[in-house]
Amino acid sequence: MVEAIKKVTSHIIVNGLLNIALGLAVLINPQGVFDISVGLLSIYLVIIGFINLFDGLREKKRSGGFGMFLAYGLFYIVSAAIIYYFAVDILRAFPFILGLVILFSGFSQLFRAIHFRNIPNINTVPMFLYSAILIGLSLFFMFNTSISLILFFRIYGFILLVMGALDLFFVFYLNKKAKQ
């Protein structure tokens, strides 16, 4: 049991430290982390694309047809180019889409609050407040996409920091319980 806990804790420590490092990097330089991430993803897709192209050429020699390898290879390479050149535009659409989803949720909550208003012994004020917050938040995301994008990165960095700290706390907790 103690050996299993030691093995698990070493992985948790590495995961926690990586989360903290990435979280700090995102908080300090979100644009740099974004650029590096887009570059790495594009390189990965190009490599996978070329592997599929070479597999297609090998399949052509073996059976006379490319099979699906050629299509997959071209798809990955084209996807890499699209992601590399249009990543900012694709990402700018994300807050708007998320805003639409939150707006739908807010109106759904509002209709639920209106429905429950007629039922006795149910306080609908928190429901109305929650729906108003959701609708307001959705409008913020939909009409301030550049500000909300930066806010997303900051929140993501903060969440990574919290996850890393909780992982390290969990390791100390496990070690304490293992010694008992």
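Select Glu59 and Arg62: their side chains meet in a salt bridge, 3.0 Å from N to O (a salt bridge is a side-chain nitrogen of Lys or Arg within 4 Å of a carboxyl oxygen of Asp or Glu). The model is predicted, so local features need pLDDT of at least 70 and side-chain atom pairs count only at pLDDT 80 or more, while totals for chains, interfaces and linings use all residues. Residues are numbered from 1 along each chain as its sequence is written, and side-chain values use heavy atoms, with hydrogens and water left out.

Stay with this pair. Glu59 and Arg62 both lie in helix 2, three residues apart, about one turn of the helix (helices are DSSP runs of H or I with at least four residues, numbered from the N terminus). Glu59 is buried, with a relative accessible area of 18%, whereas Arg62 is exposed at 64% (buried means under 20% relative accessible area, exposed over 50%, partly exposed in between, with a 1.4 Å probe and protein chains only).

The structure holds two salt bridges. Next, select Arg58 and Asp55, whose side chains meet in a salt bridge of 2.3 Å, N to O. These residues are three apart in helix 2 (residues 30-63), so about one helical turn separates them. Arg58 counts as exposed, at 54% relative accessibility.

Now move to helix 5, residues 145-179, and select Leu161. Leu161 is partly exposed, with a relative accessible area of 21%. Leaving aside neighbours within four places in sequence, Leu161 is in contact with Asn19, Ile20, Gly23, Leu24 and Leu27 (contact means heavy atoms within 4.5 Å). For a distance check, pick Tyr130: Leu161 and Tyr130 are 31 residues apart in sequence and 27 Å apart in space, C-alpha to C-alpha.

Asp167 is also in helix 5. Is Asp167 buried or exposed? At 19% relative accessibility, Asp167 counts as buried. Not counting residues up to four places away in sequence, Asp167 touches Ile12, Asn15, Gly16 and Asn19.

Last, select Phe140 and Phe141. The structure holds six aromatic pairs (rings of Phe, Tyr and Trp, with its six-membered ring, pair if their centres lie within 6.5 Å; planes under 30 degrees apart count as stacked, over 60 as edge-to-face and the rest as tilted). The ring centres of Phe140 and Phe141 are 5.7 Å apart and the planes are at 55°, so this pair is tilted. Phe140 is partly exposed, with a relative accessible area of 28%, and Phe141 counts as buried at 7%.

How values were computed: Helix = DSSP H or I, 4+ residues; strand = E, 2+ residues; numbered from the N terminus.
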